[in-house]
Amino acid sequence: MAKRTATRPGAGTAAEAALFADYDPGPYFCELTAARAGDGGATATVRARLAAIGLEALRARAAVAEGELIDLGVTFTVYSDATAIDRILPFDCIPRIITAAEWDHIERGVKQRVAALNLFLHDIYHGGKILADGVLPRELVLGNANYRPEMEHFPVRFGTYVHICGTDIVRGRDGDFMVLEDNARTPSGVSYVVENRHLMSRSFPDLMAGMNLRPVDDYGRRLHAAMAEIAPEGVDDPEVVLLSPGIYNSAYFEHVFLAREMGVPLVEGADLVVERDHVWMRTTAGLRAVHTIYRRIGDDFLDPTVFRPESLLGVPGLIGAWRAGRVTLANAVGTGVADDKAVYAYMPRIIRYYLGEDAILANVPTYICREKPGLDYTLAHLAELVVKPVGESGGYGITIGPRASRAELETARAALLADPANWISQPVIDLSVAPTLTEYGIRPRHLDLRPFAVTGRETWVLAGGLSRVAMREGSLIVNSSQGGGSKDTWVLADEVLAEGPG
Amino acid sequence: MAREPVMLARYAEGLFWMARYLERVENLARLIDVTQGFESPGREAESWHALVRINADEEDFARRGHTPGADAVKSFYLADAANPTSIPASLEAARYNARTLRPLISTEMWRQLNMFHRAMSAIAPEEMQGDRLSRLCTRIKEGVQTHTGITEGTFFRDQGWLFYRLGRLIERADQTTRLLDIRYHLLTAPSGGEEQRVAELARWGGVLRAAAGYHAFRRIARPGFTPADVVAFLLVDHGFPRSVGLCVSEMEAVLGELRARWGLRGTVRSLELVEDLRAALMGRAVARIIEGGLHEFLDAVQKDLIALGAEIGTAFFRDWRPNAAA
């Protein structure tokens, strides 16, 4: 056993007081300083250990840790104004802590939501009982750009459409968890969950020592198992591949990560060929059959003979092979209709409709501008609301009322009036904060949480998820494309500290 | 239990080229180093232009607006990323391939290459001057050697390793022929007095040093060795890792393993080409080769290696793609 230093200060020491002296989370729930039942002293221990390290040493070690991300090429690509820049996802070295009880709640909520999403997708592609019953407007589903008629009456194994789901969860002032959106197409970020943990354990072993944390390194194995499970029936030892748009994609690092963790080839469209309704990959020894494709390219680009004819990323004939039952695609085609921001508003009702249960994780209140009451309310309260386009992702096109200038509000108003159905609005959520290392010292920054659920026959949720942090003061936008960073997310196992608080 | 790993054609191609580009970088650093050593007073430009000539870059060099001279040549190869045969361009290509290979290569390989690439993409002009040039060349060589060592110690030994080695061996053989070519005219120089003979041998010593073969050569050379012995050493020696002959023998072994262990039947034609190459090298005494014209012989070997590379590409890589790396 490692020797423990006798001088490590406990909670509430002078050093801690100094490090957190100026720290004021304001009205927001703080993930590290709020008193929480069931943390077994973990948050106090982490605060004390941070204080023992001290601000300057934290800065120096954080800089080394970020340098390591650059050396390792753990980067994503940002596209704007025709330039492409490789960036690291800024890593904040102060972990975010989730208690065992909190996690149990989140995990059950995520599983419930994934179950409802899959039942919903199965239903709408098999006649649409929920539409006939008037639970949500027919045109919202059938008129949705992400609704795929190709999927109608097409069977998928275990009724699973959303094999990989990322659920964006925020925490209000009172600490309650709420779902902000579902990502049922190709959610990204899981690589950072695992990489952040590795980085943390290399760079801050003293922060982690003795903490009994739920591990995160099982993701690849679980994902591979699910991908093998969903392969077409009767295939022994199925060949799984990850289909990537290639190295110029902003999430290429994640594609590499997933392929490596699963131990499967990362293929590009041109590596695959469809012959006799089977999908094959080109190897040095000729063609080899492929059974499950974890595709990280959008529906529109999958098959130029069915969707966008100009797509070079996809594989001609792929949809035909899929429909012939020779290959499985994960996620299924047409899941985008379920994670649409307009459909999101109906999720509590969708959950109740299929599962006969209330939603374990609440929605953020949402006004649907395609409906007149929603539009009227939004226009009347524009300065208080967050207005979001329904089709976009990555934080683009959002107007935050209380932060917007008069001109920005008028622009938003014009856009709303021009195409109300394209918009929803939500009250500003007082996202929780966590102490974050900034140039001014330790400061509160807003953050969210994206757990990742993997579903084959059953659903498994990776403990924790990606904590995305808005690195700018006061900012609520956590997206990596908009300057967000991330934190290591610790889910405490039941017995919190093996050796008691440091 | 264990699954037979498949090798995507694109991966095999990427490995082959990554190895080639890195081997090219190491050898170019060797050539630059030896060229500096050959500079004779008043004739620097001529020495440096030989480098352009043996790389068959005369046209590109002129087209890109360079005028012959030490600085222009050094900058063309060390700093001009737009010159496809420069060290920054080769490293860029190696890293590009490594990026596509990240699912396959070890994290340690990727990390080192990523850092090496970054360090070499901004070589300052003053680093190319005087005594700093040789140190720069050493850093470049060591960067590639570090890669080689990490690869040897971490890269999984399946087909990919064999394609990686093929790329390296073909490039290394090619580069050794170019290193020999830089001095071939010495062989035809009229024989002068003892003083001139010693000077000439010293220059050949420089060639051997550039190839890291000086001491090995001295171990096996007779005291009265001639330039032809040096040529024989670099062309056909069985123990020297950079000799063309050893590279060719290893290519044959690698292709044989791809066939026997991995069942790749597309190796037939490549094996024939390698046998032909070996026959050309080993089939007659080096003295006869020199008599027949060393430069012409080296040129023919280079053409054979190009044909071999093309055959491997056709047989195993994604030659169905018009933009296959070349």
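The largest nonpolar core of this predicted model has 249 residues, and L235(B) and M251(B) are those with the most contacts inside it. Helix α1 (residues 9–38) of chain B gives the largest share of this core, 16 residues. A nonpolar core here is a set of buried Ala, Val, Leu, Ile, Met, Phe, Trp, Tyr and Cys residues joined through side-chain atoms within 4.5 Å. Buried stands for under 20% relative accessible area, exposed for over 50%, and partly exposed for what lies in between (1.4 Å probe, protein chains only). Helices (H or I, at least four residues) and strands (E, at least two) are DSSP runs, numbered from the N terminus. In soluble globular proteins, nonpolar side chains tend to be buried together.

What does M251(B) touch, leaving aside its neighbours within four places in sequence? Its contacts (heavy atoms within 4.5 Å) are L166(B), L169(B), I170(B), A173(B), V274(B), L305(B) and L308(B). There is also a second, separate core of nine residues, with C369(A), L375(A), L382(A) and W423(A) among them.

W423(A) leads us to A412(A): the two are 11 residues apart in sequence and 9.9 Å apart in space, C-alpha to C-alpha. A412(A) sits in helix α16 (residues 406–418) of chain A, and it counts as buried because its relative accessibility is 9%.

A few words on how to read all this. Residues are numbered from 1 along each chain as its sequence is written, while chains are lettered from A and ligands numbered from 1 in the order in which they are written. As this is a predicted model, local features need pLDDT of at least 70, side-chain atom pairs count only at pLDDT 80 or more, and totals for chains, interfaces and linings use all residues; side-chain values use heavy atoms, with hydrogens and water left out.

Now let us turn to the place where the two chains meet. Chain A brings 29 residues to the contact and chain B brings 28 residues. About 2600 Å² is buried between chain A and chain B, with carbon and sulfur atoms giving 48% of that area. In chain A, the residues that lose the most area to chain B are D71(A), R260(A) and T284(A), together 26% of what that side buries. Buried area is the accessible area (1.4 Å probe) that two parts lose on being put together, summed over both.

How many salt bridges link chain A and chain B? The count is four, a salt bridge being a side-chain nitrogen of Lys or Arg within 4 Å of a carboxyl oxygen of Asp or Glu. D71(A) takes part in a salt bridge with R118(B), at 2.6 Å from N to O. On the side of chain A that touches chain B, α3 (55–72), α10 (252–262), β8 (266–267) and β10 (278–283) each supply at least two residues. The largest share of that side, five residues, comes from α10(A).

Finally, some backbone details in chain A deserve a look. A330(A) and N331(A) are joined by a cis peptide bond, with omega about -10°; N331(A) lies in the loop between β13 (328–330) and α13 (341–344). F158(A), in the loop between α6 (138–142) and β4 (164–171), has a positive phi near 60° in a residue other than glycine. F158(A) counts as partly exposed because its relative accessibility is 32%. D277(A) has a positive phi too, near 65°, and its place is the loop between β9 (272–275) and β10.
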